[in-house]
Amino acid sequence: TEYIDVMQAMLDSMVELKVTPLDCAGNGDRLYISWETSALIHGERRTYLGVDRFRLVDGMAIEEHVIFDSAVLQPAS
């Protein structure tokens, strides 16, 4: 539950969060979805790209990796 709490706090801090899927691809039991996110973070509009990689079993996602540059979440220095 610690992971869930951290993720929820991060999402709660993003005002006007918008996630737009850009493309997807599959290979065997892997599914990749590229996306663009835009949100107000620390009071300024930020937009960044990322990829989710899923491992599927019987059509269900059993593992997910989210890949993006997390520096965008830090306050401006």
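The following questions and answers go through a predicted model of one protein chain.

Visitor: Which order of elements does the protein chain show from the N terminus on?
Guide: The secondary structure of this predicted model comes to one helix and four strands. Helix H1 covers 2-12 and strand E1 covers 15-27. From the N terminus on, the order of the elements is α-β-β-β-β.

Visitor: What are the spans of the C-alpha trace along its principal axes?
Guide: The protein chain has 77 residues, of which 17% count as buried. Along the principal axes, the C-alpha trace spans about 45 × 30 × 20 Å.

Visitor: How many bridges join E1 to E2?
Guide: E1 and E2 form a hairpin with two residues between them, and Gly-28 in that turn has a positive phi of about 65°. Across the pair, Pro-21 stands opposite Trp-35 in E2. The two strands run antiparallel, and the bridges that join them number ten.

Visitor: Does E1 lie largely in the open or is it buried, and what number of its residues is buried?
Guide: A residue counts as buried at under 20% relative accessible area. E1 has 13 residues, and it lies largely in the open because the number of them that are buried is zero.

Visitor: Over how many bridges do E2 and E3 pair?
Guide: E2 takes in residues 30-41 and E3 residues 44-57. The hairpin they form leaves two residues between the strands, and His-42 in the turn has a positive phi of about 55°.

Visitor: Which residue in E3 is the bridge partner of Thr-37?
Guide: Thr-37 lies in strand E2. Leaving aside neighbours within four places in sequence, its contacts are Leu-17, Lys-18, Val-19, Arg-46, Thr-47 and Tyr-48. The bridge partner of Thr-37 in E3 is Tyr-48.

Visitor: Is Thr-37 buried or exposed?
Guide: The cut-off for buried is under 20% relative accessible area. Thr-37 has 3% relative accessibility, so it counts as buried.

Visitor: Which residue in E4 is the bridge partner of Asp-52?
Guide: E4 consists of residues 60-68 and runs antiparallel to E3, with eight bridges joining the two. They form a hairpin with two residues between them, where Asp-58 in the turn has a positive phi of about 55°. In E4, Asp-52 has as its bridge partner Val-66.

Visitor: Which element gives the most to the lining of the largest pocket?
Guide: The largest pocket holds about 280 Å³ of space. Of its 14 lining residues, the closest to the centre are Met-7, Met-10, Leu-11, Trp-35 and Val-66. The elements that give two or more residues to the lining are H1, E1, E2, E3 and E4. With four residues, the element that gives the most is H1.

Visitor: How many residues of the lining of the largest pocket are nonpolar?
Guide: The lining also holds residues of other classes, with one polar and two charged. Met-7 and Trp-35 are among the residues closest to the pocket's centre, and both Met and Trp count as nonpolar. The nonpolar residues of the lining number eleven.

Visitor: What percentage of contacts between residues at least 6 apart in sequence join residues at least 24 apart?
Guide: A contact here requires heavy atoms within 4.5 Å. Among contacts in the protein chain between residues at least 6 apart, those that join residues at least 24 apart come to 32%.

Notes. Residues are numbered from 1 along each chain as its sequence is written. This is a predicted model: local features need pLDDT of at least 70, side-chain atom pairs count only at pLDDT 80 or more; totals for chains, interfaces and linings use all residues. Side-chain values use heavy atoms; hydrogens and water are left out. Two strands pair if DSSP finds at least two bridges between them. On a 1 Å grid over the protein atoms alone, a cavity is a set of points where a 1.4 Å probe fits but cannot get out, and a pocket is an open set with protein on both sides within 12 Å along at least five of seven lines; lining residues have an atom within 4 Å of a point. Grid points are joined across faces, edges and corners, and a volume is the space filled by probe spheres set on the points. Buried means under 20% relative accessible area, exposed over 50%, partly exposed in between (1.4 Å probe, protein chains only).
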